[in-house]
Amino acid sequence: MHALAGFILHEPQILEIANRFQKAMTDGLAGKSSSLKMLPSFLTKPTGQEKGIYLAVDFGGTNVRVLTVEIQGNGAYRTLRRRSFPLRDREEGYDFTTRETAGSDLFRFIAEQMEAILVPGQTYPLGFTFSFPSRQTGIYQAVLIKWTKEIQTSGVEGYDVAELLQKTLDGKNLKQVIPRAIINDTVGTLLTAAYSDQQADIGSICGTGHNTCYLEPSSPMTGKPMIINIESGNYNELPATDYDMQLDKQSQIPGDQRLEKMVGGQYIGELTRIIIQDFINNKLLFASGRPEIFFTPYNIKAKDLARLLADESPELTGVSQWLKTNCQIPCSLLEERTALRTIATTVITRSIQLIAATFTGVLKHIDPGLEKQHTIAIDGSLFELMPGYANKLNSTLKNIFKDKPDLITTKLTKHGSGVGAAIAAAIIED
Ligand code: BGC
């Protein structure tokens, strides 16, 4: 399919993106103009011996997760209580992500979720995972630079989210909670993996949003090792197709988060929809009509793509079922089903290749001759649930580093973003 040609990346292009990404990292670290913010976390890796009971809040943009975690030492931890709530629920009639919602309402909602899992009489040091680009000036100060993932809640951008949370805790007289650390979810993922694996030095989220952090051997701030939140989702030196441009133009902040808009779970369904819409407009698909679903923005989700990719049957009966139940298309031709699946696969494959390119850039930065073992800790729905995603990401990396493929391991670090907040609080207390 000619229209998809711009999505196909070959190894030389992947390597070129990796090299440019590496240069953008160095520029960002040096304070030069770069689409990579390279934000300091004020944290380094845990020893694996930290201990205690902590409260963690994981605020990612889709759900608020609260958990109490026992950090046990020797690389072990266990979750004691956990609760997860969506930020928007049409049936319940609430949405904390719109411009009409005040930040104070959002933080009250978060505090209510916390309160529900606390054991009376016990105090909890708190680690707070806040998964948005935030300028930290210390371990418990984080000013939100800008919302991403299409969130628009008012009165949070430009404010210190630690202060907003503190105000809410004071308002509720919630003295059991003692805020200690605020971290990005990539940092949480890296901390969780590194708690039991000293070779973990890169953390990434491949989910609704996308971003990566790594252990910088010599932070410009201290000259010592520090985990740096790259905010790689904002990387912008990329070969964009017309479809990417269209998605960007219609998004909340055009021009921002260009990589994330090409790879993240929030956007890949929409990108697929835009392509399908173009195919329909050009009479290349569903000649008999204009199925509503493909003409309504953000109506196709990453989980729809997962359904298309999961179907490996010769007649694509799963795709046919999806078209019937989700798109009100009772009859489809095999070639239409094949085309849909090809479009979805193409979008997903590029997502994987671009992310592999950025990981390659990070690896080249921290270990130019690739001499050491590296674990890349990854959390997020795409890496965990999208059929074939984790395997293909792994094989793409191993192919790039074909001389020493065994030195690189990718590892699903489930719930790492939340548990990592507890570990961060434990590091601070130690
Ligand atoms: C945010 C990052 C975050 C990532 C994954 C992006 O939209 O800018 O801070 O790490 O999503 O949640």
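Author: A term to start with: a disulfide here is a pair of cysteine sulfur atoms within 2.5 Å. Also, this is a predicted model.

Reader: Fine. How many disulfides does the structure hold?

Author: The count is 0.

Reader: What does Cys327 touch?

Author: One contact is Pro291, which also meets Ile280, Phe286 and Ile329, leaving aside neighbours within four places in sequence.

Reader: Where is Pro291 found?

Author: In the loop between α7 (265-281) and α8 (302-310). Pro291 is buried, with a relative accessible area of 13%.

Reader: What is phi of Lys283?

Author: Near 60 degrees, a positive value in a residue other than glycine. For background, most residues other than glycine have a negative phi.

Reader: Which other residue has a positive phi?

Author: Glu231 is one, with phi near 55 degrees. Its place is the loop between β13 (226-229) and α5 (242-249).

Reader: Is Glu231 buried or exposed?

Author: Buried, with a relative accessible area of 4%.

Reader: Change of topic. How many helices and strands are in the chain?

Author: The protein chain has 13 helices and 15 strands. Its radius of gyration is 22 Å, close to the 22 Å the globule rule gives for 430 residues, so the chain is as compact as a globular protein of that length.

Reader: What does the C-alpha trace span?

Author: About 65 × 55 × 40 Å along the principal axes. As one distance within the trace, the C-alpha atoms of Pro291 and Gln49 are separated by 57 Å. Those two are 242 residues apart along the chain.

Reader: Who contacts Gln49?

Author: Gly73 does. Gly73 also touches Gly48, Glu50, Lys51 and Tyr195, not counting residues up to four places away in sequence.

Reader: Where does Gly73 lie?

Author: In strand β3, residues 63-73. Gly73 is buried, at a relative accessible area of 3%. Its C-alpha is 8.6 Å from that of Gly52, 21 residues apart along the chain.

Reader: How much of the chain is buried?

Author: 55% of the 430 residues. The accessible surface comes to about 17700 Å², and 50% of that belongs to carbon and sulfur atoms.

Reader: What about contacts between residues 24 or more positions apart?

Author: They make up 67% of the contacts with a separation of 6 or more. Thr148 gives an example of contacts along the chain: among its partners are Gln257 and Glu260, with Phe132 and Pro133 also in contact.

Reader: Where is the place of Thr148?

Author: In the loop between β9 (141-144) and α3 (161-171). Thr148 is buried, with a relative accessible area of 6%.

Reader: Last one. How many positive and negative side chains?

Author: There are 44 positive and 47 negative. The centres of the two sets lie 1 Å apart.

Terms used:
Residues numbered from 1 in each chain as written. Predicted model: local features only at pLDDT ≥ 70, side-chain atom pairs only at ≥ 80, totals over all residues. Heavy atoms only, no water. Helix = DSSP H or I, 4+ residues; strand = E, 2+ residues; numbered from the N terminus. Rg over C-alpha atoms; globule rule 2.2 N^0.38 Å. Buried < 20%, exposed > 50% of the residue type's maximum accessible area, 1.4 Å probe, protein only. Contact = heavy atoms within 4.5 Å. Areas by Shrake-Rupley, 256 points an atom, 1.4 Å probe, with all protein chains shown as cover. Lys, Arg positive; Asp, Glu negative; His and termini not counted. Charge placed at Lys NZ, Arg CZ, Asp CG, Glu CD.
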